[in-house]
Amino acid sequence: MINRFNNTNFHNPNNLSQLAQQNVNSNKVKISINGWQNATQNDVINFISRKTRIAVVDSYIDGQLVYGFVNNITQANNLLNYNGIRFAGNALKFNIINDQNGTGVGTTNNTIKLLTEFLYKRFNPQLKMLDLSALHQDPVLVSNGLFSSLSTQSKMFPALMKLAESESGKNPAFIIESINLSDNNLKDVNGLNSMALTFPTLKNLCLANNQISKFRSLENWKNKFKYLRELILTNNPITNDLSYKNEMLRLFPRLILLDNVYVRDETKLNSILNLPFYKKQFFWENDQLGQYATDFISNFLNLWDSNTRTQLLQLYTPQSQFSTSVDSSIPTSTTPNSDQDPSFGLYLPLSRNISKVSSSKSRLERLNVGLEQIEKAFRSLPKTKHFLLESPHNYSVESWGFAPGFIITLHGFYEEVGKPDLDRDLASNSNKSNNRNRRYNNNNNNNRLGKKAFDRVWLVIPQGNSVIVASDMLCVRAYVEGSWVKSPPSQTKVQPQQQPLQAQQPLQVQQPLQVQQPLQVQQPLQAQQPLQVQQPLQVQQPLQVQQPLQVQQSGAILTPPTSAGTNMSNASANNIINTSTTTTLQIPPEIKSKLNMQQLILVNKIHLETKLNVQYTLMLCEQSGWNYDVAIRGFQSSINNIPREAYGM
Amino acid sequence: MLHTSFNNPGSNNPGPNNNNDQSGFIELFVKKILLHLDETDQSKLNDFYLLFDHTSPNTKIIFNSQPFDNNHVIEFIKMWNTSIVTTQHVLTSLDYHIIPGLGFIICNVNGKVRFDESGNDRLGNNSVITTAQQPINNSLTSTTTVKKRPLWGPYFGVSLQIMLQERILNNDLNNVISGFNYSIVYQPKDSLLVEH
């Protein structure tokens, strides 16, 4: 049995047909047919043979069903594809009957089990290699008739690829970087097209000792195996072609080794095709600026999302500027989670995108200067929710000192949760916009609420004991996953304590908290200079009358950073203003140093919501497992039992 | 550390409320910067360098969260020219504020960029090892004379913040870029240049 497909026998046609007949007999698969009842048994068998080109033999009726046999499992599976085919006014239903009498493999389940076992037998976890060489000589496959003819062989590879794909989904150790397909009598790779889908990042591929002779068959792999490093095609006719090497270089852009010869300089290739730095989630010039930016953003967005967005106006002055621009370009469709049909109707009347808005008048009108105009603009933007706390990995921040202040850039996304308070379309210039709406008549579709990506830039300037926002620019664009997001987040809820994915990130954030103390002690107040000498803005102190609630809520925002350094090395010496005592929530440094950024944001947010003091806020956070919703629910349910000393300092 | 230009706001300071619309000029300048980023002609590098305020230690350059500060303008341009393949930028959004009294213009720019995925670097060199037996007759292996056409990959998203000195409005383009923060904000998975 084992040797019957060795090479000498394989090429002998007499032996072949004889052996094939044996296989056919031993591999018949029992099937059942339902829904045939409007005609005779003969009619339905003939119909199936006509329609599907599959012969059902030895059929008999038992109760509601017709039973019969087909030649092998492949035919049976093909037959299943015809489920629902119309016959005599009914839909036919085919089933494979689990064969109990042990005549062979016979059932789909058994075949899958057998092939899966085979995959694992041929898989080497150390080398991450799947060895699919010389399949027709494999005793298991041959004895089970799975390699009886060329047609089953061509179906074998897609089946194996499908299984390998589902297996790599189930088993994290099932990683394949190399595939060996040598000695398979392959004339082309058409049967292997699915391999490119299953293993798009395959690094090594061996196709030695096959009959591949034409480039055309490999052409299907162009732009598919972008990470293929090594290819072996020795003992294939194709290697004799003069343009062989150039063609392979063209098909596989990262091919380094072809038939054990170096064809590309790997170092040079990597320097060409790899960006020197991929975008990191955070950049800040120094640690204090980093912590400040984090505080600023979380407090700002907290108010921006709330019903009292206009409270933020405390940060703006009569000379502050705010504007919105719409980037309506559609992200490349192969970018993860990209919105291919964004709607910007709510923003377009405000958009100051210079590259799209050509009228000078509109450009000037859409720049909002001073509290009144900025307030109007704020209220003309949709109500939003940012997810800084729930999915911090979706946000990226750069923060750098600039002259008398600093610049904070935030990239991320938000959800639109409500229409704007002010309808800009109706409020201003109703005549023109009405015309436009009448003309296009798709107002509803344009004003859909959804997720948006954005880039927002603040120019923040310390002013006395607080800060002002001199400039605030928001660019709204179609939702898309950020380039800094390393792997798709598997859990929707972020749990700060156990987050392997974000392990590096708290490190960056924790650092500033620990060094903050020594910095203040060691560095005397040297540099008030930039702040005092420069009084460039004739700023009126923002709204002095503040209710306690507002003071507390905006306290953290209003606090200037301890350093707005102008360069990395001596940033801390520049202007240490000891303002850390004025932050909203005074967390003792020894506790603070143990918290990561998400936890800090959570503590701040819980504190703002509950007004609990540090000790109780921390207690609440810890007891709720650092989950915001749980914490708030816990707070609300026990609100009557909380002692008075839990509030205030 | 102060910029000299702070104390010298210029006689015809436009200011944000000025009816003079400077937008067109700023848009042109931003497009000029993008063209410089796409430039493959080595003789134009110095022109790009001269746009930056390379004499000031406070000029800030950040590329994908990687700082090139302390006046390392030249490092940035070198990195861009040697480590990044030929690019093609498209401006998709531009907004700007003239900050009164500070003498600066802050620009918020969005755009798309695609990269040459042919395997050639900005100078037209590739990594293919040529042997004596195989004559160089294919465009893939030839390194000289023939101008190579780039094979553009899919578009990436770009967010760029630029700080310009206000004197640019007086048509003074020398050393006017004081801050430059370039980030790739989205990347298509089918690009050759994406990390796996």
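Predicted model: local features only at pLDDT ≥ 70, side-chain atom pairs only at ≥ 80, totals over all residues.

Lys385(A) counts as partly exposed, its relative accessibility being 29%. Over all chains, the structure holds 22 salt bridges, and the table sets out some of them, including one that joins chain B to chain A.

| Residue pair | N to O distance |
|---|---|
| Lys279(A) and Glu398(A) | 2.7 Å |
| Asp121(B) and Lys268(A) | 2.8 Å |
| Glu416(A) and Lys452(A) | 3.4 Å |

The side chains of Lys279(A) and Glu398(A) form a salt bridge of 2.7 Å, N to O. Because Lys279(A) lies in the loop between α11 (266–273) and β14 (282–284) of chain A, while Glu398(A) belongs to strand β18 (residues 396–402) of chain A, the pair ties together parts that are 119 residues apart in sequence. Lys279(A) is buried, with a relative accessible area of 5%, and Glu398(A) also counts as buried, at 0% relative accessibility.

In the salt bridge of Glu416(A) with Lys452(A), the closest N and O atoms are 3.4 Å apart. Glu416(A) lies in strand β19 (residues 405–418) of chain A and Lys452(A) in strand β20 (residues 451–463) of chain A, so this pair links parts that are 36 residues apart in sequence. Both Glu416(A) and Lys452(A) are buried. Elsewhere, Lys121(A), Arg122(A) and Asp138(A) are joined into one network by salt bridges that share partners.

Turning to the interface, 84 residues of chain B are in contact with 85 residues of chain A. The area buried between chain B and chain A is about 7300 Å², and carbon and sulfur atoms give 59% of that area. His97(B), Tyr186(B) and Leu192(B) supply 9% of the area that chain B buries against chain A, which is more than any other three residues supply.

Across the interface of chain B and chain A there are 4 salt bridges, and 33 residue pairs are in polar contact. Several elements of chain B, among them α1 (23–38), β3 (87–99) and β6 (177–186), each supply at least two residues of the side that touches chain A. The largest share of that side, 9 residues, comes from β3(B). By residue type, the side of chain B that touches chain A divides into 36 nonpolar, 37 polar and 11 charged residues.

Key: Residues numbered from 1 in each chain as written. Chains lettered and ligands numbered in written order. Heavy atoms only, no water. Contact = heavy atoms within 4.5 Å. Buried area = accessible area lost by both parts, 1.4 Å probe. Polar contact = N/O pair within 3.5 Å; in protein donor to acceptor, adjacent residues only side chain to side chain. Helix = DSSP H or I, 4+ residues; strand = E, 2+ residues; numbered from the N terminus. Nonpolar A, V, L, I, M, F, W, Y, C, P; charged D, E, K, R; others polar. Buried < 20%, exposed > 50% of the residue type's maximum accessible area, 1.4 Å probe, protein only.
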